[in-house]
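Below are my notes as numbered points, to be read with the structure open beside them.

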Amino acid sequence: MGGTEHLTVHREGATLVLTLNRPEAKNALSPAMLVGLYDGWTEADEDDSVRSIVFTGAGGSFCAGMDLKALAGQGMAGDTYRDRLKADPDLHWKAMLRHHRPRKPVIAAVEGYCVAGGTEMLQGTDIRVAGESAVFGLFEVRRGLFPIGGSTVRLPRQIPRTHALEMLLTGRPYTAREAADIGLVGHVVPDGTALEKALEIAEQVNACGPLAVEAVKASVYEAAELTETDGLAAELARGWPVFDTVDAKEGSRAFAEKRPPRFKRA
């Protein structure tokens with residue numbers, strides 16, 4: 001199991017938990033964090049015993065965005081990480097879920113600041129839980145910058161366009177309740193309990209057939225890029241094979257026998 005000084009990795013049953021771990025900087029992104037994230041997503045993809053991923057931050061914050069000084073290597077160790085970033089110029093975008101979509105469901109557990117790059121990474125997750133005091137926002141325009149982590153493309157596809165444009169063009173902060181009202185997050189829970197709720201949802205996902213879960217997730221994202229007719233055809237292509245799996249037969253038997261299913265990814 002991987003991890004770096006700024007990104008911890010641990011298992012909770014079938015859930016891989018990735019934790020941004022630079023609380024003194026509100027988990028602003030560093031080379032060590034980006035490399036750790038990339039390795040974490042890769043580990044989850046390659047390990048069939050992982051059925052879900054929970055993505056969170058340590059110290060009461062999710063992520064305050066990029067730390068430009070850290071990424072430039074000013075005042076920080078970590079030549080190995082910078083070498084990894086140079087060797088794969090796309091690594092940081094994969095780490096931030098701009099150029100990579102994990103096969104397994106990703107559940108975000110947000111406390112505190114989730115702004116700029118934090119809100120951009122959030123858009124790469126599938127299910128989102130926020131503590132009541134969480135703060136969201138894309139502040140780039142206030143600094144004369146561009147939210148290049150994918151927000152001008154993904155945000156209008158995930159929430160109503162009027163809300164997406166207001167968030168993008170005003171650069172103002174949003175409360176957790178506002179974020180829920182516009183559909184950016186799905187759950188608002190008492191402060192300090194976002195991780196607990198995310199793990200609860202992960203357990204519900206883990207109890208389902210893993211092949212079915214992965215196929216459903218892939219179908220949802222694939223269809224979003226297609227016409228309805230093409231999307232329905234693609235759904236059949238992904239969905240029918242699931243019915244022929246050992247997991248599907250086990251699910252039917254378990255239902256008939258009124259017992260929990262024992263899925264095997266087969």
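1. A salt bridge here is a side-chain nitrogen of Lys or Arg within 4 Å of a carboxyl oxygen of Asp or Glu. Please keep in mind that this is a predicted model, where local features need pLDDT of at least 70, side-chain atom pairs count only at pLDDT 80 or more, and totals for chains, interfaces and linings use all residues. Residues are numbered from 1 along each chain as its sequence is written, and side-chain values use heavy atoms, with hydrogens and water left out.

2. The structure holds 16 salt bridges, and a few deserve a look. Arg103 pairs with Asp48, with 3.5 Å between the closest N and O atoms. This pair links distant parts of the chain, 55 residues apart: Arg103 sits in the loop between helix H4 (91–95) and strand S4 (106–110), and Asp48 in the loop between H1 and strand S3 (52–57). Helices (H or I, at least four residues) and strands (E, at least two) are DSSP runs, numbered from the N terminus. Arg103 is partly exposed at 33% relative accessibility, and Asp48 is partly exposed at 40%. On this scale, buried means under 20% relative accessible area, exposed over 50%, and partly exposed in between (1.4 Å probe, protein chains only).

3. Asp39 forms a salt bridge with Arg84, the closest N and O atoms being 2.8 Å apart. Here helix H1 provides Asp39 and helix H3 provides Arg84, 45 residues apart. Asp39 has a relative accessible area of 29% and Arg84 one of 30%.

4. Tyr81, Arg82 and Leu85 are buried. They lie on the same side of H3 because they cover an arc of only 95 degrees around the axis, the arc being that of the directions from the helix axis to the C-beta atoms. On the other side of H3, Asp79, Thr80, Lys86 and Ala87 are exposed.

5. Which residues touch the most other members of the largest nonpolar core? Among its 47 residues they are Leu18, Leu37, Phe55, Val110, Phe136 and Leu184. Helix H1 (residues 31–46) gives the most to this core, with seven residues. A nonpolar core is a set of buried Ala, Val, Leu, Ile, Met, Phe, Trp, Tyr and Cys residues joined through side-chain atoms within 4.5 Å.

6. Arg238 belongs to helix H11 and Glu222 to helix H10 (residues 210–223), 16 residues apart. Another group, Glu250, Arg253, Glu257 and Arg259, is linked in a network of salt bridges.

7. Helix H11 (residues 228–243) also holds Trp240, which is exposed at 55% relative accessibility. Leu236, Trp240 and Phe243 make a nonpolar surface patch of about 390 Å². Nonpolar patches join side chains of Val, Leu, Ile, Met, Phe, Trp and Tyr within 5 Å, from residues with over 30% relative accessible area and no salt bridge. Accessible areas come from the Shrake-Rupley method with a 1.4 Å probe.

Terms used
Patch = residues over 30% accessible without salt bridge, like charges linked within 9 Å, V, L, I, M, F, W, Y side chains within 5 Å.
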